Amino acid sequence: MKHQIVIVGGGAAGITVAALLGRKDKALDIAIIDPSDTHYYQPAFTLVGGGEYAAAATHHAQADCMPSGTAWIKDSVLSFHPELNSVKLANGESVEYDYLVVCPGLQLDWHKVDGLLETMGSNGVCSNYLLEYANYTWDCIQNFSGGSALFTQPAMPIKCAGAPQKIMYMAADHFRKNNINADIAFHTTLPSMFGVPLFAEALKGVVASYGISAEFKNTLVAVDGPNKQAVFDVEDAEGNKQQVSRAFDMMHVTPPQSAPDFLKGSPIGDAAGWVDVDPGTLQHKTFSNIYGLGDATNTPNAKTSAAARLQAPIVAKALLARINQSAQPADYDGYGACPLVTSKNSVMLAEFCYGGEVTPSFPGDPRKQRFSFWLLKKYFFPFLYWKVMLKGIEFNPAHRTYR
Ligand SMILES: Cc1cc2nc3c(=O)[nH]c(=O)nc-3n(C[C@H](O)[C@H](O)[C@H](O)COP(=O)(O)OP(=O)(O)OC[C@H]3O[C@@H](n4cnc5c(N)ncnc54)[C@H](O)[C@@H]3O)c2cc1C
């Protein structure tokens, strides 16, 4: 099997690159390798957990997402052989390529927290990071009659670094509106509420307004579901660690995350397994006919589909430039966006580039919580994803530096 352009992963990034390429040049021979029957719009999982979105509306058949003219190889890649310009599939076959685009997303490491897998989806332990557990998040919030509600965030990098706290604010809003007495705590491995200081400061106000206790440098290491106990590694100011146990009535867990196992130790991964690309061109640092984008790369942007939306045209244009000797695209500036849901009708829209530079696309103070941004999150962004981005239509409103 051989194709001119082979794309590993048909998620947000892979389908968008294929669709952009197909629109620009119908003669290209493109194949996507992806084993999944279903394509998910993961940003809506947060709203499912908050009782604001139907789970069924978050996904479509993968077959319906494949751009016309793109071949779909329905299998998993097992290994990379860049010296042979080929990848090996789970079925034992090899697929050769002229150009390879690598975007298989990241891996959720539920097993790294003792006892977590055994209790996920029961005993009040929920997560929006898999759709099968997101409905249970809403069950937990609705059935919560008071007591301790914990929300956790593991070490970075994770996809959508705001998601662990968005669901907490939706839950807090629900509890407040229903006069439920909740002792809410956010246990995060990070030293602050968010990686971009401007938004971290603003989020302190949101946390205070709900009476939430923010527990920094707290890492969830074990869960005893039946006895409703969570164990955290807690690091003090001197770097000393001790284990602390906390009782919960409900707990939303964000699992540890890492590069997919099949990238770890592969010739195209860095030491941690992330696809090793140049942060501007997204071209592989060693193999010049390989590009990487989306959650699977080691670029220091926020791992979001907003980032994939802006990375995809860079990769598509770079490939076209090499095939047709056309102009090289400008470098990717690290843009990512995180609509920080702060209640069941408000959003603080965090947009930023490499280095934590705040780069809003809308006028005004980006720290302001707005109902209009809630409408964007709930209605416009899903439309943008399914009908614009995955169809290969570029949407990149200018973003400006905010100081
Ligand atoms: C709860 C939650 C909330 C989020 N909120 C937001 C948000 O508000 N805004 C935002 O912009 N982003 C958000 N995101 C992040 C966003 O969904 C991801 O950043 C985006 O989907 C990354 O795109 P990707 O193509 O790299 O990976 P994915 O979309 O995850 O796709 C990866 C694809 O690769 C395939 N694959 C995996 N392994 C293999 C293999 N071995 N061989 C071949 N194919 C393989 C998979 O089947 C999948 O189709 C959220 C994510 C979650 C979980």
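Predicted model: local features only at pLDDT ≥ 70, side-chain atom pairs only at ≥ 80, totals over all residues.

Reader: Okay. Which residue does Lys2 form a salt bridge with?
Author: Asp98, with the closest N and O atoms 2.8 Å apart. That pair links distant parts of the chain, since Lys2 is in strand E1 (residues 2-8) and Asp98 is in strand E8, 96 residues apart. Helices (H or I, at least four residues) and strands (E, at least two) are DSSP runs, numbered from the N terminus.

Reader: And how exposed is Lys2?
Author: Lys2 is partly exposed, at 44% relative accessible area, and Asp98 is partly exposed too, at 32%. The cut-offs are under 20% for buried and over 50% for exposed, with partly exposed in between (1.4 Å probe, protein chains only).

Reader: What about Lys177, which residue does it form a salt bridge with?
Author: Asp173, and the closest N and O atoms are 2.9 Å apart. Both sit in helix H6 (residues 163-177), and because they are four residues apart there, about one helical turn separates them. Lys177 counts as exposed at 54% relative accessibility, whereas Asp173 is buried at 4%.

Reader: Which residue meets Asp365 in a salt bridge?
Author: Arg367, at 3.0 Å from N to O. Asp365 counts as partly exposed at 29% relative accessibility, and Arg367 is partly exposed at 32%. There's also a network: salt bridges with shared partners join Glu52, Lys344 and Lys378.

Reader: Switching to sheets. What's the strand order in the five-stranded open one?
Author: E10-E17-E11-E12-E13, with parallel pairing. Two strands pair if DSSP finds at least two bridges between them. The edges are strand E10 (125-126) and strand E13 (213-215), each pairing on one side only.

Reader: How many bridges join E11 to E12?
Author: Seven, and the two run parallel, with E11 covering residues 147-153. Gly147 has Ala182 of E12 as its bridge partner, and Phe151 stands opposite Phe186 in E12. E12 (residues 182-188) has five of its seven residues buried, so the rest of the structure largely encloses it.

Reader: And E14 with E15, parallel or antiparallel?
Author: Antiparallel: six bridges join E14 to strand E15 (residues 229-235). Leu220 stands opposite Phe232 in E15. The hairpin has four residues between the strands, and Lys228 takes a positive phi near 50° there. Strand E14 (residues 218-224) is mostly covered, with five of its seven residues buried.

Reader: On to helices. Where does H9 bend?
Author: At Lys377, by about 40°; the helix covers residues 371-389. The bend is the angle between axes fitted to the seven residues ending at a residue and the seven starting there. Lys377 is one of the buried residues of H9, which also include Phe373, Trp374, Phe381 and Trp386.

Reader: Which residues form the nonpolar surface patch?
Author: Phe371, Leu375 and Tyr379, with about 320 Å² of accessible area together. Phe371 lies in H9 and is partly exposed, with a relative accessible area of 49%. Patches take residues with over 30% relative accessible area and no salt bridge, joining like charges within 9 Å and nonpolar side chains (Val, Leu, Ile, Met, Phe, Trp, Tyr) within 5 Å. The areas come from the Shrake-Rupley method with a 1.4 Å probe, and for residues only the protein chains shown count as cover.

Reader: Last one: how many disulfides does the search find?
Author: Zero across the whole structure, taking a disulfide as a pair of cysteine sulfur atoms within 2.5 Å. For Cys65, the nearest cysteine sulfur is that of Cys103, 14 Å away. For Cys140, the nearest is that of Cys126, 4.2 Å away. Cys65 counts as buried at 10% relative accessibility, and Cys140 is buried at 7%.

Notes
Residues numbered from 1 in each chain as written. Heavy atoms only, no water. Salt bridge = Lys/Arg side-chain N within 4 Å of Asp/Glu carboxyl O.
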